[in-house]
Amino acid sequence: AVRFADIVVRATVTAAPGSNIELLRRAIDKTASHCLVSSSLAVPVRVEAEVHAAAGETTTGERYKRTA
């Protein structure tokens, strides 16, 4: 039988000008850890998010990973 070893969800988010990037990161983490579908799977689910600030903002292209 063929089985999945893990699942990787890759997301790219561009925040609107003036957005709170840290709040956005926390929302992604919370979503990943409280997802009903990923919680019910028998394999690990890893979320890799790339968060971009809007043009002209100071933070761009920060990547981070979270295993749900």
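A salt bridge is here a side-chain nitrogen of Lys or Arg within 4 Å of a carboxyl oxygen of Asp or Glu. By this rule the count in this predicted model comes to four salt bridges. The chain has two helices and three strands, and read along the sequence they follow the pattern β-α-α-β-β.

**Overall fold**

- Of the 68 residues of the chain, 22% count as buried.
- Among the contacts in the chain with a separation of 6 or more, 58% are accounted for by residues 24 or more positions apart.

**Salt-bridge network**

- Side chains of opposite charge can pair when their charged atoms come close.
- A network of salt bridges links Asp-6, Arg-10, Arg-46 and Glu-48.
- Asp-6 and Arg-46 meet through their side chains in a salt bridge, at 3.4 Å from N to O. Asp-6 belongs to the segment before β1 and Arg-46 to strand β2 (residues 45-52), so this pair ties together parts that are 40 residues apart in sequence.
- The side chains of Glu-48 and Arg-10 also form a salt bridge, at 3.3 Å from N to O. Because Glu-48 lies in strand β2 and Arg-10 in strand β1, the pair ties together parts that are 38 residues apart in sequence.
- Arg-46 forms a salt bridge with Glu-48 as well, with the closest N and O atoms 3.0 Å apart.

**Exposure of the network residues**

- Glu-48 has a relative accessibility of 6%, so this residue counts as buried, the cut-off being under 20%.
- Arg-10, the partner of Glu-48 in a salt bridge, is exposed, with a relative accessible area of 61%.
- Arg-46 counts as partly exposed at 26% relative accessibility.
- Asp-6 is likewise partly exposed, with a relative accessible area of 35%.

**Helix α1**

- Helix α1 comprises 13 residues (residues 21-33), which should span 18 Å at 1.5 Å a residue; the end C-alpha atoms are 19 Å apart, which agrees.
- The buried residues of α1 are Ile-21, Arg-25, Ile-28 and Ala-32. These residues cover an arc of only 60 degrees around the axis, which puts them on the same side of α1.
- An α-helix has 3.6 residues a turn, so residues three or four places apart point the same way.
- Lys-30 and Thr-31 are exposed residues carried on the face of α1 turned away from its buried side.
- At the N-terminal end, α1 is capped by Asn-20, which has a side-chain oxygen 3.1 Å from the backbone nitrogen of Glu-22.

- In soluble globular proteins, nonpolar side chains tend to be buried together.
- The largest nonpolar core of this model has eight residues: Ala-15, Ile-21, Ile-28, Ala-32, Val-47, Ala-49, Val-51 and Ala-53. Both α1 and β2 supply at least two residues each to this core.
- Ile-21, Ile-28 and Ala-32 are among the core residues and are also among the buried residues of α1.
- Strand β2 also holds Glu-48, a residue that counts as buried at 6% relative accessibility.

**Segment before β1**

- Phe-4 is placed in the segment before β1 (7-14). With a relative accessible area of 68%, Phe-4 is exposed.
- Although 38 residues separate Phe-4 and Ala-42 along the chain, their C-alpha atoms are 9.0 Å apart.
- Asp-6 lies in the segment before β1 too.
- Leaving aside residues up to four places away in sequence, Asp-6 touches Val-43, Pro-44 and Arg-46. With Arg-46 the contact includes a polar one between side chains, at 3.4 Å.

Notes. Residues are numbered from 1 along each chain as its sequence is written. This is a predicted model: local features need pLDDT of at least 70, side-chain atom pairs count only at pLDDT 80 or more; totals for chains, interfaces and linings use all residues. Side-chain values use heavy atoms; hydrogens and water are left out. Helices (H or I, at least four residues) and strands (E, at least two) are DSSP runs, numbered from the N terminus. The expected span of a helix is 1.5 Å times one less than its number of residues. Buried means under 20% relative accessible area, exposed over 50%, partly exposed in between (1.4 Å probe, protein chains only). The arc is that of the directions from the helix axis to the C-beta atoms. A polar contact is a pair of N or O atoms within 3.5 Å; within protein, one must be able to donate a hydrogen and the other to accept it, and residues adjacent in sequence count only if both atoms are side-chain atoms. A nonpolar core is a set of buried Ala, Val, Leu, Ile, Met, Phe, Trp, Tyr and Cys residues joined through side-chain atoms within 4.5 Å. Contact means heavy atoms within 4.5 Å.
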